[in-house]
Structures are given as C-alpha cells and as structure tokens.
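Subject: Structure for your review

Hello,

Here is the structure I promised to pass on to you, with the sequence alongside. Please look through it first, and then read the notes below.

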Amino acid sequence: MELKCKVNEADVRADVPARLLLSDFLRHELRLTGTHVGCEMGACGACTVMLDGRAVRSCLTFAVQVDGCALRTVEGLAPDGRMREIHEVFKAHHALQCGFCTPGILMTVTAAMERGELPSTELEIRELLSGSICRCTGYQGIVDAVMALSAGLSVSSRQPSDAAGACSSSPGNGASSTSRSASC
Ligand code: FES
Ligand code: FES
C-alpha cells in the first residue's frame with residue numbers, strides 16, 4: 001500500500017505491506033533506530049513517537065495508519081546532532097542509565113511540553129510517565145528532570161524544538177521499499 005507522510009519534517013513515500021507496524025517501518029525501512037522496541041504489546045512505552053503532536057505507541061500502529069500525517073521520532077529532537085534543553089536536563093539529573101526507555105520518555109515529555117500540558121507536581125508527572133517502563137528503575141531522576149523542565153516552562157515561554165531539516169524521498173519499488181535523502 002502506498003504511504004505518504006512526513007517524518008521529522010522530511011517527506012517520505014513508501015510502498016508498504018498493510019500489516020507492517022509503524023515501529024518496524026521506522027526502524028527497518030527508515031533506519032530510525034532511536035525508536036526502541038521492548039514489549040511490542042503497548043505496555044512499556046519504549047516505542048513512543050509523536051503523531052501529529054500526540055504521543056503514540058508505534059508498536060500498536062500500522063504504518064499505513066500514518067498516511068498523510070506528521071511523525072516525529074527521537075532523532076527529530078536533535079536534527080543537527082546537538083543536544084537540546086531536554087537532553088541537557090535529562091543529563092544533568094542523571095535521568096537515564098542504559099537509555100533503553102529514554103527515547104519513548106523524551107517523546108512523551110516533548111508531546112506534553114509542546115501541547116502546553118506538561119504537569120508541574122510530582123504526582124502528575126509520575127502519572128504522565130506511567131506509560132513508560134524503565135527497567136533500570138531510574139524513575140526518580142527522570143521525574144526530577146521533568147520537574148526541572150516544568151519549572152523552567154513556568155517562568156519562560158519556550159518554543160518547540162527546532163524543526164528538522166526538510167528532505168524528500170522518492171517512491172520505492174516493490175513492497176516495503178522506501179528511500180530518503182542522505183541529509184536525513
Ligand atoms: S514496544 Fe511498544 S509499548 Fe513496548
Ligand atoms: S534507563 Fe534503562 S530502561 Fe530506563
């Protein structure tokens with residue numbers, strides 16, 4: 001099936017099987033391996049990406065379902081490879097150990113930030129993060145980092161992270177073929 005969407009601001013066109021999961025499309029077809037796959041059943045949150053500004057489980061979404069939509073993955077938070085505030089704050093608060101859960105958490109928090117829905121209390125932040133499992137159990141550092149982000153947001157109005165550089169792709173030939181420009 002034909003799929004057209006934007007991924008990290010880049011136009012993507014692909015011919016994909018109807019049953020291809022979005023997580024597999026991102027990782028295997030687009031090589032955006034920052035999106036991690038843990039449980040593959042919607043429980044761990046590692047595969048979370050942003051779909052039209054909302055955090056969604058890419059392991060519970062078929063690639064064809066994002067036709068016409070704008071996707072953002074963890075790579076899209078630092079399109080030039082430079083760390084942004086969210087990365088710096090997570091680093092400062094030691095909010096990761098192995099980092100497996102981190103991409104999903106960053107996307108969950110970014111979606112909340114950009115929608116102006118980042119909570120401020122520890123209880124609310126724990127609720128926001130409740131869809132993400134950290135097998136290293138580094139929750140306190142993660143909560144501290146999000147609280148720091150939230151406190152910063154309360155005193156200044158931040159803009160969404162810089163948009164990724166645009167690039168285009170051409171339709172692939174055959175099932176599940178996809179191409180993107182080298183600048184992505
Ligand atoms: S891999 Fe998608 S929620 Fe765990
Ligand atoms: S830091 Fe290892 S799974 Fe969360």
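In these notes a residue is called buried if 20 or more other C-beta atoms lie within 10 Å of its own, exposed if 12 or fewer do, and partly exposed in between, with the C-beta atoms placed from the backbone. This is a predicted model, in which local features need pLDDT of at least 70 and side-chain atom pairs count only at pLDDT 80 or more, while totals for chains, interfaces and linings use all residues. Residues are numbered from 1 along each chain as its sequence is written, and chains are lettered from A and ligands numbered from 1 in the order in which they are written.

Confidence comes first. The mean pLDDT (the predictor's confidence in each residue, from 0 to 100) of the protein chain is 86, and 83% of its residues reach 70 or more. Over residues 155-184, however, pLDDT stays under 50, and for that stretch the model has 61 contacts beyond four places in sequence, where two residues are in contact if their C-beta atoms, placed from the backbone, lie within 7 Å.

As for the overall layout, the protein chain has five helices and six strands, these being DSSP runs numbered from the N terminus (H or I and at least four residues for helices, E and at least two for strands). Along the sequence they follow the pattern β-β-α-β-β-β-α-α-α-α-β. Of the 184 residues, 40% count as buried, and residues 24 or more positions apart account for 66% of the contacts with a separation of 6 or more.

Strand E1 (residues 2-7) has a covered face made of Leu3, Cys5 and Val7, and an uncovered one made of Glu2, Lys4 and Lys6. In a regular strand the side chains alternate between the two faces of the sheet. E1 runs antiparallel to strand E2 (residues 10-15), to which six bridges join it, and strands are said to pair if DSSP finds at least two bridges between them. Within this pairing Leu3 stands opposite Ala14 in E2. E1 also pairs with strand E5 (residues 70-72), in the parallel sense and over two bridges, and there Lys6 stands opposite Ala70.

The hairpin of E1 and E2 has two residues between the strands, and Asn8 takes a positive phi near 50 degrees in it. Glu9, in the loop between E1 and E2, has a positive phi of about 75 degrees although it is not a glycine; Glu9 counts as partly exposed because it has 17 C-beta neighbours inside 10 Å. Glu40, in the loop between helix H1 (22-29) and strand E3 (48-51), likewise has a positive phi, near 55 degrees, in a residue other than glycine, and its 15 C-beta neighbours inside 10 Å are the reason why Glu40 counts as partly exposed.

Helix H3 (residues 102-114) has 13 residues and reaches 18 Å from its first C-alpha to its last, close to the 18 Å expected at 1.5 Å a residue, the expected span being 1.5 Å times one less than the number of residues. H3 is mostly covered, with 11 of its 13 residues buried, among them Pro103, Ile105, Leu106 and Met107. Just after H3, Gly116 takes a positive phi of about 70 degrees.

Finally, Gln140 lies in helix H5 (residues 139-155) and counts as exposed because it has 12 C-beta neighbours inside 10 Å.

Best wishes
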